[in-house]
Amino acid sequence: MPKYVMAFDAGTTSNRCILFDRQGAICSSAQKEFRQFFPHPGWVEHDAEEIWSTQLEVARQAMANIGATVADICAIGITNQRETTIVWDRESGEPVCRAIVWQCRRTADYADRLKEEGYTDMIREKTGLVIDAYFSATKVRWILENVPGVRERAERGELLFGTVDTWLMWKLSGGKIHATDYSNASRTMLYNIRELRWDREILDLLDIPEKILPEVMPSSGIFGYADPGIFGGPIPIAGAAGDQQAALFGQACFHPGDAKNTYGTGCFMLMNTGEEPIFSDNGLVTTIAWGIDGKVYYALEGSIFVAGAALQWLRDQMKLIDSTPDSEYMAGKVKDTHGCYVVPAFTGLGAPHWNQYARGTIVGITRGCSKYHIIRATLDSLAYQTNDVLRAMNADSGRPLTSLKVDGGASANNYLMQVQADIIGAPVHRPACVETTALGAAYLAGIATGFWAGREEIENNSGIDRTFVPGISGEKREEMVRGWRRAVRCAVAWADDSGD
Ligand code: ADP
């Protein structure tokens with residue numbers, strides 16, 4: 001009997017492999033960083049071969065750590081940095097250029113042109129997304145337009161496109177599988193999320209040949225098998241989902257209205273909206289959560305650009321803290337923020353404000369304001385920003401959120417989690433296993449292969465480390481949120497120089 005499901009967690013700066021047992025506990029893990037390339041300002045690239053070799057290395061390492069053999073592994077699930085774009089030769093397997101990473105802004109001008117030409121509504125109605133260089137579509141087009149010979153080779157059917165999940169599956173299967181799952185497809189800006197097919201009109205608009213695109217498959221289901229030469233036997237590749245969707249699954253957010261927030265460098269909040277896509281009136285994007293059991297489920301997504309990064313700023317630039325976890329103790333040294341608010345709009349504001357010109361602001365400073373108040377106000381800013389996205393989700397979905405599940409590095413901060421519960425006025429649940437992304441990929445693969453019976457079993461599996469319940473009155477909450485809104489208006493007003 002196989003004892004483990006193996007999750008590949010292919011992130012932006014490192015790849016990990018985790019082996020989970022039937023209780024969803026981590027039995028072994030290995031991690032390795034890979035190189036980041038910044039060839040021009042605003043450009044970010046990865047070496048696709050290195051993504052593969054690192055992933056393979058950590059997979060072998062995770063197995064070796066506990067002496068696991070191929071017979072012990074029930075299935076492989078893959079979760080990945082989303083949108084990152086790779087094009088390679090279907091015969092030689094060689095990438096035609098480095099992978100263009102989701103953060104890369106090289107196609108920003110082209111994305112702006114699409115907006116100016118009036119395609120915003122069409123793209124949103126079909127893909128659920130706002131036109132942006134972030135998604136794969138303009139990146140694929142860039143490769144076709146700019147790498148010599150690539151367009152001709154693509155037209156001749158010699159090249160394949162894929163996001164990191166697709167690339168890893170292709171390598172893992174010895175070139176037999178060219179597929180992706182619904183969640184990753186929905187981040188390309190080429191996929192029609194209502195009709196569940198690559199969208200002809202968008203492909204024509206961007207001049208992308210359909211023959212390079214992967215087959216889109218359920219997130220939980222057998223994609224194919226790992227080449228027996230790799231691990232010594234054929235392991236089914238049975239699950240795949242983009243990292244944020246995998247975390248939503250790993251947190252067992254299976255019902256409409258269930259939401260999770262990941263507190264990393266930025267924050268990513270997703271709310272399951274069930275079998276119908278909800279198109280946002282409040283600055284959120286609509287995405288496919290996953291495909292499972294013959295159905296497709298949707299989610300609303302809101303991203304916050306600066307979250308944990310604001311703590312890094314306190315540490316590295318301001319030198320107010322020695323380490324980011326210290327912020328918890330420091331914030332506890334004072335009883336409030338002394339009327340001060342920090343808005344960490346270092347690169348503008350994301351959902352639901354969408355103002356790329358806003359800049360970081362500290363307001364309400366008086367003579368008694370100390371570094372502890374500033375640290376506390378910085379932590380609070382993560383909670384306020386999350387609350388803004390959450391209220392947008394409530395408005396779009398018509399469902400008031402009853403609780404929030406959290407994960408990511410900064411969710412370890414107990415002060416922050418308590419303020420979060422206070423500000424949203426609902427309980428915050430922190431799971432026992434914080435590796436929710438890898439766990440989600442494992443669950444998707446394990447359900448497809450019978451390792452777990454289904455979503456019910458997983459719901460029972462998911463242990464809570466700690467629940468934070470709101471501890472302030474409704475009036476206090478509204479007063480704090482009103483102050484935050486004024487602070488955001490200041491950050492936005494700063495960018496407006498029309499009164500000069
Ligand atoms: P990413 O996946 O984006 O690299 P992680 O989930 O690893 O992020 O979380 C790292 C981020 O969380 C960093 O920005 C760091 O500042 C922040 N962070 C980590 N631990 C704490 C903590 N105890 N309190 C506040 N912030 C923290």
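Colleague: In which sense do S2 and S3 pair, and over how many bridges?

Modeller: Bear in mind that this is a predicted model. Strand S2 (residues 14-20) runs alongside S3 in the antiparallel sense, with seven bridges between them. For a place to start looking, take Ile 18, which stands opposite Ser 29 in S3.

Colleague: And what is the strand order of the sheet?

Modeller: Read across it and you get S3-S2-S1-S5-S14-S13, six strands in an open sheet with mixed pairing. Strand S3 (26-33) and strand S13 (220-225) are the edges, each pairing on one side only. From one strand to the next, the twist averages 25°.

Colleague: Now the helices. At what angle do H14 and H17 pack?

Modeller: About 100°, with the axes of helix H14 (residues 414-424) and helix H17 (residues 474-494) 8 Å apart. Angles of 65 to 115 degrees count as roughly perpendicular, so that is how H14 sits relative to H17. H14 brings Asp 422, Ile 423 and Ile 424 to the contact, and H17 brings Arg 477, Met 480 and Val 481. By type, that's four nonpolar, two charged and no polar residues.

Colleague: Which residues touch the most other members of the largest nonpolar core?

Modeller: The general idea: in soluble globular proteins, nonpolar side chains tend to be buried together. Here the largest core has 57 residues, and Tyr 263, Val 343, Leu 404 and Leu 416 touch the most other members. Helix H13 (residues 371-397) supplies the largest share, eleven residues. Leaving aside neighbours within four places in sequence, Tyr 263 has contacts including Leu 382, Leu 404, Leu 416 and Met 417. There's also a second, separate core of 43 residues, with Val 96, Ala 137, Tyr 191 and Ile 193 among them.

Definitions and conventions
Residues numbered from 1 in each chain as written. Predicted model: local features only at pLDDT ≥ 70, side-chain atom pairs only at ≥ 80, totals over all residues. Heavy atoms only, no water. Axes fitted to C-alpha atoms, helices over the stretch in contact; angles between N-to-C directions. Helix = DSSP H or I, 4+ residues; strand = E, 2+ residues; numbered from the N terminus. Parallel < 35°, antiparallel > 145°, perpendicular 65-115°, else oblique. Contact = heavy atoms within 4.5 Å. Nonpolar A, V, L, I, M, F, W, Y, C, P; charged D, E, K, R; others polar. Pairing = 2+ DSSP bridges. Core = buried A, V, L, I, M, F, W, Y, C linked by side-chain atoms within 4.5 Å. Buried < 20%, exposed > 50% of the residue type's maximum accessible area, 1.4 Å probe, protein only.
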